[in-house]
Amino acid sequence: MTTSFGTATSTVISNDPKIRLQSFTGLKSSHSLALTRNLRVFPVPFSSPSVIRAVSTPVKPDTTAEPKRSKVEIFKEQSNFIRYPLNEEILTDTPNINEAATQLIKFHGSYQQYNRDERGTRSYSFMLRTKNVGGKVPNRLYLTMDDLADQFGIGTLRLTTRQTFQLHGVLKKNLKTVMSTIIKNMGSTLGACGDLNRNVLAPAAPVTTKEYLFAQQTADNIAALLTPQSGFYYDVWVDGEKFMTSEPPEVVEARNDNSHGTNFPDSPEPIYGTQFLPRKFKIAVTVAGDNSVDILTNDIGVVVVSDVNGEPQGFNIYVGGGMGRTHRMETTFPRLAEPIGYVPKEDILYAVKAIVATQRDHGRRDDRKYSRMKYLISSWGIEKFRSVVEEYYGKKFEPFRELPEWEFKSYLGWHEQGDGSLYCGLHVDNGRVGGKMKKTLREVIEKYNLDVRITPNQNIILCDIRSSWRRPITTALAQAGLLHPRYVDPLNQTAMACPAFPLCPLAITEAERGIPDILKRVRAVFEKVGLKYNESVVIRVTGCPNGCARPYMAELGLVGDGPNSYQIWLGGRPNQTQLARSFMNKVKIQDLEKVFEPLFYYWKRKRQPKESFGDFTTRMGFEKLQELVDKWEGPVQTPARYNLKLFADKETYEAVDELAKLQNKSAHQLAMEVIRNFVAAQQNGKSE
């Protein structure tokens, strides 16, 4: 067991997992006062004009009452650095683990779940989430995850909105086997969940420009900086076996630096202490203009700033983004990150560490609904937050540098990497890889020894493809329904949904299982009101208000608020730079067209040139939109101009219908897509 007692100069480590910490001391860095359960006060190591506290915000004068803490804070305190009682619970014969272990296993990258479709005795299983910085997945790890899904999961892999895998359905008796297999095959689940830094996002495209390579390296370094150091993960899953990893010297130097009181001296967790962070913490890194990572939804957004020659010079930093909220509690809310300043490139690790330390010491630990950093910044204001961060950073932030307009980039289709190789971005509906698609992807990845990357939009990129492989790979993928993006419905290309039912314990209604039908219905409304096929809106669906699929950034967000019922959010932008707002509550799934039809009908008829649906709803105002919905009696019907019979024989129809089903489309929709694309190609003077 290890802990840091204020100015203590030594650390006691116990090999007995049952020994528990008896003092609440894990929140204090070296220049902070230590409040213990017995209210003992340890001396401050040096004179400081300000006292950094850790439990609640804003800081209040000294009090004799012990600060209120959530139950999870006590579990962390008594866990011997996230070991006990998990290390005992996973060895019992029961199919589940106790409450404390359920919270601790999140730090190891897993959630306990049960099948909510089944009635009676709960059938428990575990979801495992990997950690893949920037979505990078080595060939060996991909093949391992594919095998594990079949051997120990439910036969599918899920690509997440944070560029990781989720493996569902793992039984407790198989947890150690699955975890150790991942570890031994170039993977990790450490910190994919829990109150610490989660997977660091970065643009998934394997392009070789200086900016993109620098962004990826920065993401790697930040992830390494904030990786737990106390060894609990390896103690539990591989019996303490050590796996050699190399870290750049600048990462080690930044982690060990305590010149501004960011660290717990002599602690096995120099940055996190015994209590880790108040809540989850999310970071994304990107290059200027590339918003493939939803940069403004993160606790920290890091943007590479380069000179006119494309040489990286430093970083703009955003802080305070976050999606989660609670229904009917207006004090909880989604929030966009805002600028805190610019730092030169050599300072980025120190700046990130300072921001993390500020949240660690000041974020609320009494009520987890308000523990994300966005609430600390909303309470303090950005100026106060910046000044406190600068104490830990030891410098002033420089003024924010001007940035180009943000653009969402999907990286779907075939592209040059810049090193002579190609990469191919493949659309995967809701990130669910299964069936024939899974089998074919494995065959291609294994045959050509390809590395892959996962995108923040739940898609997959095949990397390092030789030009001579393009045709056979394209043919193999198409036969499994993995088509070039021009053959994928534009609505599907930008849509996202969380898993929700049957395994997520927080789900209120359907998301992943419901979105295919919702998108078909939206497409039908588009056709009904006269919108063109290539016109699209960003649609995101979640089964609860926690926001895993980032619905509050969508042009049209559906957030579960009851059984077969959704709260409708409007007003996000295609480039993910504006929050949506709540428009209607408790819209039953069978009544969605009553809302969709008037909104899309008037968007077609009253929009300004090139005005997106999200901007249209913002400009019109919700009061006017509600009036249009309330008075809606259907579009004015006009006689059809054409009566086309697409299929001359039953065999052709059945063949097209079978292929269409792989993409959750009708045979008519797929046939029209092919015809439209063929005509467009002919008009462009080239044949597909």
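This is a predicted model: local features need pLDDT of at least 70, side-chain atom pairs count only at pLDDT 80 or more; totals for chains, interfaces and linings use all residues.
A charge sits over a ring if NZ of Lys or CZ of Arg is within 6 Å of the ring centre and within 35 degrees of the ring normal.

Select arginine 401 and tyrosine 342. The charged end of arginine 401 sits over the ring of tyrosine 342, at 3.7 Å from the ring centre. Tyrosine 342 is also the bridge partner, in strand 9, of asparagine 316. Now display residues 312-319, which form strand 8; this strand runs antiparallel to strand 9 and is joined to it by 6 bridges.

Next, select arginine 122 and tyrosine 114. Here the charged end of the arginine lies over the tyrosine ring, 4.1 Å from its centre.

Select phenylalanine 232 and phenylalanine 276: their ring centres are 6.1 Å apart and their planes stand at 80°, so the pair is edge-to-face. Phenylalanine 232 belongs to helix 7, whereas phenylalanine 276 lies in the loop between helix 8 and strand 6, so the pair ties together parts 44 residues apart in sequence. Both phenylalanines are buried.

Move on to tyrosine 602 and tryptophan 632. Their planes meet at 75°, with the ring centres 6.1 Å apart, so this pair is edge-to-face. Tyrosine 602 is found in helix 16 and tryptophan 632 in the loop between helix 18 and helix 19.

To finish, select Phe526, Phe596, Phe600, Trp603 and Phe613, which ring pairs link into a cluster.

Methods:
Residues are numbered from 1 along each chain as its sequence is written. Side-chain values use heavy atoms; hydrogens and water are left out. Two strands pair if DSSP finds at least two bridges between them. Helices (H or I, at least four residues) and strands (E, at least two) are DSSP runs, numbered from the N terminus. Rings of Phe, Tyr and Trp (its six-membered ring) pair if their centres lie within 6.5 Å; planes under 30 degrees apart count as stacked, over 60 as edge-to-face and the rest as tilted. Buried means under 20% relative accessible area, exposed over 50%, partly exposed in between (1.4 Å probe, protein chains only).
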